[in-house]
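Subject: A structure for you to explore

Hello! Here is the structure I promised to pass on to you. Have a look at it first, and then read on for my notes.

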Amino acid sequence: MNFLSDLKKSILNIPGWHTKRKIVVIESDDWGSIRMPSRKAFEKLTKSGLDLTSGDSLRYNTNDTLAGIDDLSSLFDILRRYKDQHGNHPVFTALSLVANPDFEKIRKYDFQQYYYEPITATLQRYYPNENVFQYWQQGIKERLFIPQFHGREHLNVKIWMNGLRDGDQQANAAFNEGMWGYNNKHPYHISLQAAFDPETKDDIKSHGQILVDGIKLFQEMFGYRPTFFVPPNGILHESLYEVVKLVGINYVFSSRLHRVPIGNGKFKTRFNYLGKRNNASQRFIIRNAFFEPSQGGKDWPSACLNDIKDAFQWNKPAIISTHRVNFIGAINAKNREAGLRDLNELLAKIVKTWPDAEFLSSDQLGDYMNRTHHEI
């Protein structure tokens, strides 16, 4: 089984852009988005019958929430411990949402209209005695934590609002606790987390408007335009590549076997590879290493190190996929402790095993690909 798995990883690493530089990129999803407000909310919603534990949702709903100062400062302390051959620290490309629903205003107007608040307002609500966004800015200043675009919200607004207006008991129970991240039932299996999964083709236009609005808000908030975009749950209609290209997105996440939605619950599959250009001439960035210690089940530092080794063997940058949940302790402090312990071990092994390793953010990798054009 290990031989077949290693063979598959090797084959998948062959096509696409390549480099002899030992580049390490860490992409971390979900920063800024609400998930579970508190342990009390989790217990209450579980008792009411919401599915918060099926599949991979258990680790999110028992650990993941907005990062506070303790979470960010602890993460930054680990990143500061290490430097590459050029003196650069490991950097998290923080795939960030810039808004969350304004629950109070939506309720005030009887669920007839959707309203959102910027993440700065959400952070102030969650942590009224902390200036959490200042820590985001500090991470940017030190190049430890570079936000790129993950969407306006990690929420399919239409599906959610329809459920609330139609009296869906589970949607309303979750709303009352200030969250939406349960395993909802939908005829086309559209997750509430999948912001740009179209129910019908008519939804695609509104998704484009949300994207443009979100990128505008991102620029206002951070002072620069994002150039890299990871759609929530990886789902996006292909026509929207051109929309985000026009507002500055040059690089887009894709899986290798990428399921592209076409509406009405149907998908088509594309084979993509690192550096491939899409129909808007944007380059795809493909993750080829994985680090999810909150998932359990394996020695994650060693497994990720093997993924990096495979990438370097085939002259590929190591692009590590991870999520905010691995480093959050506001609900469960032991989760943060374990995640940071594993991250520290992983980074220590990277710099020891490859003294010539280089830490880049995703946008830096994209820019380097554009300059060199090394592609098989």
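Let's start with a pair of helices: H4 packs against helix H13 (residues 333–353) at an angle of about 15 degrees, and their axes lie 10 Å apart. Helices here are DSSP runs (H or I) of at least four residues and strands are DSSP runs (E) of at least two, both numbered from the N terminus. Axes are lines fitted to C-alpha atoms, for helices over the stretch in contact, and angles between N-to-C directions run from 0 to 180 degrees. That angle makes H4 roughly parallel to H13 (under 35 degrees is roughly parallel, over 145 roughly antiparallel, 65 to 115 roughly perpendicular, and the rest oblique).

This is a predicted model, so local features need pLDDT of at least 70 and side-chain atom pairs count only at pLDDT 80 or more, while totals for chains, interfaces and linings use all residues. Residues are numbered from 1 along each chain as its sequence is written, and side-chain values use heavy atoms, with hydrogens and water left out.

From H4, Asp70, Asp71, Ser74, Leu75, Ile78 and Leu79 meet Arg336, Leu340, Leu343, Asn344 and Leu347 of H13, where contact means heavy atoms within 4.5 Å. By class, this contact has six nonpolar, two polar and three charged residues (Ala, Val, Leu, Ile, Met, Phe, Trp, Tyr, Cys and Pro count as nonpolar, Asp, Glu, Lys and Arg as charged, and the others, Gly among them, as polar).

Which residues of H4 make the contact with H7? First, the geometry: helix H4 (residues 69–80) and helix H7 (residues 132–141) pack at about 15 degrees, with axes 9 Å apart. H4 and H7 are therefore roughly parallel to each other, and their crossing is left-handed. Ile69, Leu72, Ser73 and Phe76 of H4 touch Val132, Tyr135, Trp136 and Gly139 of H7. Six of these residues are nonpolar, two are polar and none is charged.

Helix H8 (residues 157–165) and helix H9 (residues 169–176) pack at about 100 degrees, with axes 7 Å apart. That makes H8 roughly perpendicular to H9. Trp160, Gly163 and Leu164 of H8 make the contact with Ala171, Asn172 and Phe175 of H9.

The largest pocket holds about 920 Å³ of space. Of its 37 lining residues, Asp56, Tyr60, Asn233, Gly234 and His323 are the closest to its centre. The largest share of the lining, three residues, comes from H3. On a 1 Å grid over the protein atoms alone, a pocket is an open set of points with protein on both sides within 12 Å along at least five of seven lines, a cavity is a set where a 1.4 Å probe fits but cannot get out, and lining residues have an atom within 4 Å of a point. Points are joined across faces, edges and corners, and a volume is the space filled by probe spheres set on them.

Enjoy exploring!

Key. A crossing is left-handed if the near helix is turned anticlockwise from the far one by less than a right angle, and right-handed if clockwise.
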